[in-house]
Each structure stands twice: as structure tokens, then as C-alpha cells.
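Please open the model in your viewer and keep the sequence panel at hand. The stops below are arranged so that each selection leads to the next.

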Amino acid sequence: MPQLSKKFLSAQQLVSDNVADAIAWVRKHGIHDDVAGSIEIVLAEALNNIVEHAYLYRAGEQIEMDLILGADALEITLTDQGEKFPGIPQKREMKGDAIRFEDLPEGGFGWFLIHSLTQSIRYAFVDGKNVVRFEIDCA
């Protein structure tokens, strides 16, 4: 199974560069543009959450990104040593017609997108590290 492993520091530009590298890698392995777009959104949202919430915008902290491409799915594992994550927010329903703009929550849309674009999400806090795993259907 093809695998990509990257370690980089917690800076916005490095996150963008590594997301671009990951997308180039999945496309090289035959992933269609629509699925690659979903992978890009999931990676960008999750990695930016690490920078913003786990590391509280402290530059220079390590992030690990591992991608394993199976026959039908891509498994993404992201690891950081930042603030302990309280856990994966529950999937929410968003009914656009029933919600007034003024009543929309300030945040949480990133997790809504991640839930919408993945088949599974798992989180563990192991040896002082946050480990989040996502699975995205590639079939």
C-alpha cells in the first residue's frame, strides 16, 4: 500500500505546503479530482485546527501527517503534542432553510465539513500526543 509520511512545524505556510504535497501525492496515485478536493478540505481543516487549538498559534511545534492509500480508502493520521483535544465534536445537522444567518454559531463548520467528507473519525490521547485518524472513501 502506498504511504506518505511527513513531519513539519506548526506554521500556516508549512501547513499549506504540506497539504499541497499530500494532494499531489494522492493525484499521482490515481485519486480523482473530486475525491482529492475532499481530502484537501479535510487536511486543511484538521491541520489548521492543530495550529489554532492544539498549539495556540505557537510556531515551531511538530506535526506528523501519515497517509496510507488502501484499495478503497485513504487513512489519514495526524499527530501533535499540543493541548489535549477534548474529543471529536458530534456530527451536527445543518438545515440552511431553517436557520437565520444571525443565529448561526461562530465556529464548528470545519468539523461539520470533516464529518461530511469522511467515513470514520477516531481520536486518542496517547503518551502526551493527540492522534486523530480519518478515513476517506476513494472508490
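At roughly what angle do the axes of helix α2 and helix α3 cross? Before answering, please note that this is a predicted model. Select residues 33-54 for α2 and residues 109-117 for α3: the two axes come within 9 Å and cross at roughly 140°. Because angles over 145 degrees would be needed for roughly antiparallel, this value makes α2 oblique to α3. The crossing in which α2 passes α3 is left-handed.

Next, display the side chains at this contact. On α2, select Ser38, Ile41, Val42, Glu45, Ala46 and Asn49; on α3, select Gly110, Trp111, Leu113, Ile114 and Leu117.

A distance drawn between the C-alpha atoms of asparagine 48 and glutamine 12 reads 7.4 Å, although 36 residues separate them in sequence.

Now turn to the sheet. It is an open sheet of five strands with antiparallel pairing, in the order β1-β2-β3-β5-β4. Select 3-9 for β1 and 120-126 for β4 to see the edge strands, each of which pairs on one side only. Direction ignored, neighbouring strands are turned by 15° against each other on average. Bring α2 back into view: this helix packs on the sheet and touches β1, β2, β3 and β5, with its direction at about 10° to that of β3.

Select strand β3, residues 73-80. Is this strand largely enclosed or open? Seven of its eight residues are buried, so β3 is largely enclosed by the rest of the structure.

The partners of β3 may be examined in turn:

- Strand β2 (residues 62-69) pairs with β3 in the antiparallel sense over seven bridges. A hairpin of three residues joins the two strands. Isoleucine 63 stands opposite aspartate 80 in β3.
- Strand β5 (residues 129-137) runs antiparallel to β3 and is joined to it by eight bridges. Here, leucine 78 has valine 132 of β5 as its bridge partner.

Finally, keep valine 132 selected and move to β4. Strands β4 and β5 pair in the antiparallel sense over seven bridges, and tyrosine 123 has valine 132 in β5 as its bridge partner.

Note on methods: Residues numbered from 1 in each chain as written. Predicted model: local features only at pLDDT ≥ 70, side-chain atom pairs only at ≥ 80, totals over all residues. Heavy atoms only, no water. Axes fitted to C-alpha atoms, helices over the stretch in contact; angles between N-to-C directions. Helix = DSSP H or I, 4+ residues; strand = E, 2+ residues; numbered from the N terminus. Parallel < 35°, antiparallel > 145°, perpendicular 65-115°, else oblique. Left-handed = near helix turned anticlockwise from the far one by under 90°. Contact = heavy atoms within 4.5 Å. Buried < 20%, exposed > 50% of the residue type's maximum accessible area, 1.4 Å probe, protein only. Pairing = 2+ DSSP bridges.
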